[in-house]
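Visitor: I am new to this structure and would like to learn how to read it, one feature at a time. Could you walk me through it?

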Amino acid sequence: MKEGHNASNITNDDYIHENGEAANTEESPAKQKLRGWLNRNLRIKMTDGRVLIGAFLCTDRDANVILGSCSEFLSEDHTEARTLGLVMIPGRHIVTIHLDA
Amino acid sequence: MATMVEEQNLVDMGEDKESQFDQVTYNWVDITQEFFDAITELELGELLRDELFGLFEAMSAIEMMDPKMDVGMLCNRGNNKPCTFTQAVDSCVLKLDNLTQSEVIGIIDSTYACIVSWLEGHSLAQTVFTNLYLHQPNQIVDKPLRTFCYAVYKIIEIIKDCINKALVFEEEDFQSVTYGYRLQQDITEQKIISMLKEVEDELPRKSRIKPIHVVSEKEYGDRLALYARIRFTKIFYQILSLMGKKEQLQQNLNECHTLLSRCSYMIQIVIKTVNSGEKADEISNYPNIMGFDPMVNQRLLPPTFPRYTKIKPRIEALKYLDELLNRFRTVTMITNQNGFHAALDFFLEFSRQSPCILSRSMLQIVYLPTTNRVFGVQNFADVLKDAARNFIAPPVLMPKSTLLQNHQAKEYVDSFLSHCVGLFGSLLQLTGHNRARQRDKLAHLLDDFAILQDEAERVDGFLHALSLKSDTPRSHLACFGTWILYHTLRVMVMYLLSGFELELYSVHEYHYIFWYLYEFLYGWLVSAITRANTFLMEQDVHNDTHKGRGSKKSARNKKKKSTSRPYNLEILMYQAMQNICGGYYKALVGFRMDGKILLPESPFDSERVRYEHRLLPFSSLLTPPPVHYQEFLDMTNAQMHKRNEKVTSEMLYLAGCRHFHQARNMLERALSLYLPNSSTVNEINDLLKVAKTNFVVLKLLADGHKKDSKEPPVFDFSCHQHFPLIKLI
């Protein structure tokens, strides 16, 4: 049982690696742009007015965004941060995205 | 569009811990449109991610705007922003003086509701500290309320200390984090008690100022209610403090007894007058009265936190406290237990009732206030020595033994006992944990038992060799060994049975669990006790011959005593259980033959794997040796084909029926031997009901009742947590 489980894990990883490398060689400008934003700080305003600041780690076609080491502010002019850590923001709840340039 | 965000408005937030972070300057550039355009090029399901960021990490992300994961969501709901103590006072939401008695009563009852919810595993921030009055008690003008608030701090502190000291909690039981609220350590215990006493004394006096006829009945009732609450708080605090003390334990517990009955009396009044409190009849998930704000600490909570804390309704919380007092009373009974074995049984019995974390902790710290002093006075090693002596009378521990004069022997015995202290200490501590955690810990404990068994055998061997050379040669083989084996077996039984209680086993697994208990564990237990029994009798004989003729009278007494050894009863009980398990086992094999048990689809199932998994913790033990799956198969097949003749399921039902019948007879005999008020009597009665019911069911089955029905039997654990009633539908 255990071995089988491990094996499937490995193939999964391989698959992702291959995919990643393949993507690197012939990537569209849009994807390259997204890739360039990875690990930079994003400031995302959500539909309920809260603002999240954190490192951009991952996204997909529906604009679901994962931020690392994220802090939460209750509103745009609220200064008291609350540490959240790793969060996923569903695309449909994103109002604006700002990049720390 | 580029926005510069400079942080300037740090003023109104008071002491801002994160101020240094706020000074970081960002240069934000709006990329919303660009971003949303770019992602359209991604394929469905394609993730654009950093190389080091995998799906595994993604799993632990909390999902924003999901009400089940996102605490912050709540803070933005509606307009009523949570306000601090000062804000609430300024806006006159919070009265500091001239509270009506009914308001104070409401606040007190709600605070107790919060304390009880805290004791049930919620965080202080979401329970007790949603009470704004507790944020700055020194500002409160109303004296009863202020004093009560101080007392709450002390009560929380002492509860926290006791639970931390006993160390029998896991994250699901108890949260000890105080979120930076200072627990008023500068106010001493005496001071609090005298403050409460003062309020308590003043309350009735106030009523005397006004002529009685002016005071309405309601007001009089409220005053009495408030008086009862303050008095309850005082006594409750005294009880907690007395039970948590290491010194003069016996004396403290005696005092506790008096206090407990007074306290119970007060809580009865408190429960009766619960309607005196403001808005007592409203049903809500958290306190609905002045002074409570469930959101006030929302931002203190860690990102992954149980989101909704439902505070118990006041009346339920007060009843909980009433029962808590009863549990405390039970805990104080531990001092009446003679010897370690009785104490261990007491611990196990107490745990079976799934008591709350506070009473579990109290039992621990009352029995072993420090690691090696029982009740703070007796040396735990000596207590264990007595236990071993009473169990099997190892020659080396007998009063006139010369064996210990050999310093090597003494060293071995001392080291063995010190290891026993560690192991039996953990066994006692284990019983303080919640039932689910106990199972895990039992499995680990078996590893330690394996080591101790080995040591016991080596010590026995050494002492045996030594004893044979002495003037009064006696066998010392398997003395300590049997004692440790006895406890090992009990732990093994507990481990297997706990699986029923926790509903871990599927019905198709029952048969080998019961088989293991029936064929081995209970049998071995009986033989271990029997060996101890014979050893004790030998010891008696030895003593008698040694004393010579002068003590004929005492010899006769001894004989009387040996016939009424408590072992007879224990053996009887284990034999009864053995028969019950045998009954299940045979019935289950019968059910299988009749196809009445649902089996998992074979390609996805391996009974061997299940069997080995269930019995895995036993594999570290040398004695008893683990029984392998093949043996189970062989022995079960032998059940089904006796002497070349085909065994029918009816024959198996009949065999099971006989087992239950025998169990019943044994239990009835046991019942006649026990004192009528012993707690074991309830257990025996439950087992009797199980044995009788299952006897009837199996008898019906043996007579061919519902022979053709493939409907699986139902195992109903409502009567006993380990031994189900078999029901046919």
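Visitor: How are H6(B) and H7(B) oriented to each other, roughly parallel or roughly antiparallel?

Guide: Before the answer, please note that this is a predicted model, in which local features need pLDDT of at least 70, side-chain atom pairs count only at pLDDT 80 or more, and totals for chains, interfaces and linings use all residues. Residues are numbered from 1 along each chain as its sequence is written, chains are lettered from A and ligands numbered from 1 in the order in which they are written, and side-chain values use heavy atoms, with hydrogens and water left out.

Guide: Helices (H or I, at least four residues) and strands (E, at least two) are DSSP runs, numbered from the N terminus. Axes are lines fitted to C-alpha atoms, for helices over the stretch in contact, and angles run from 0 to 180 degrees between N-to-C directions; under 35 degrees counts as roughly parallel, over 145 as roughly antiparallel, 65 to 115 as roughly perpendicular and the rest as oblique. Here helix H6 (residues 101-119) and helix H7 (residues 143-166) of chain B pack at about 10°, with their axes 11 Å apart, and H6(B) and H7(B) are therefore roughly parallel to each other.

Visitor: Which kinds of residues make up the contact of H6(B) with H7(B)?

Guide: Contact means heavy atoms within 4.5 Å, and residues are sorted so that Ala, Val, Leu, Ile, Met, Phe, Trp, Tyr, Cys and Pro count as nonpolar, Asp, Glu, Lys and Arg as charged, and the others, Gly among them, as polar. Residues of H6(B) including B:Ile107 and B:Trp118 meet residues of H7(B) including B:Phe148 and B:Lys160. The residues of this contact of H6(B) with H7(B) divide into 14 nonpolar, one polar and one charged.

Visitor: At what angle do H20 and H22 of chain B pack?

Guide: Helix H20 (residues 567-593) and helix H22 (residues 629-640) of chain B pack at about 75°, their axes being 11 Å apart, and H20(B) and H22(B) are therefore roughly perpendicular to each other. The contact includes B:Tyr585 and B:Met593 of H20(B) and B:Phe632 and B:Met640 of H22(B). In the loop between helix H21 (607-614) and H22 of chain B lies B:Pro624, and the peptide bond from B:Thr623 to B:Pro624 is cis, with omega near -10°.

Visitor: How much area is buried between chain B and chain A?

Guide: The size of an interface is often given as the accessible area lost when the parts come together; buried area is the accessible area (1.4 Å probe) that two parts lose on being put together, summed over both. Between chain B and chain A about 5000 Å² is buried, of which carbon and sulfur atoms give 62%. In chain B, B:Trp28, B:Leu48 and B:Arg299 lose the most area to chain A, together 17% of what that side buries. The contact takes 51 residues from chain B and 55 residues from chain A.

Visitor: How many salt bridges does the rule find across the interface of chain B and chain A?

Guide: A salt bridge is a side-chain nitrogen of Lys or Arg within 4 Å of a carboxyl oxygen of Asp or Glu, and across this interface of chain B and chain A the rule finds two. The side chains of A:Lys33 and B:Glu34 meet in a salt bridge at 3.1 Å, N to O. Over all chains, the structure holds 38 salt bridges.
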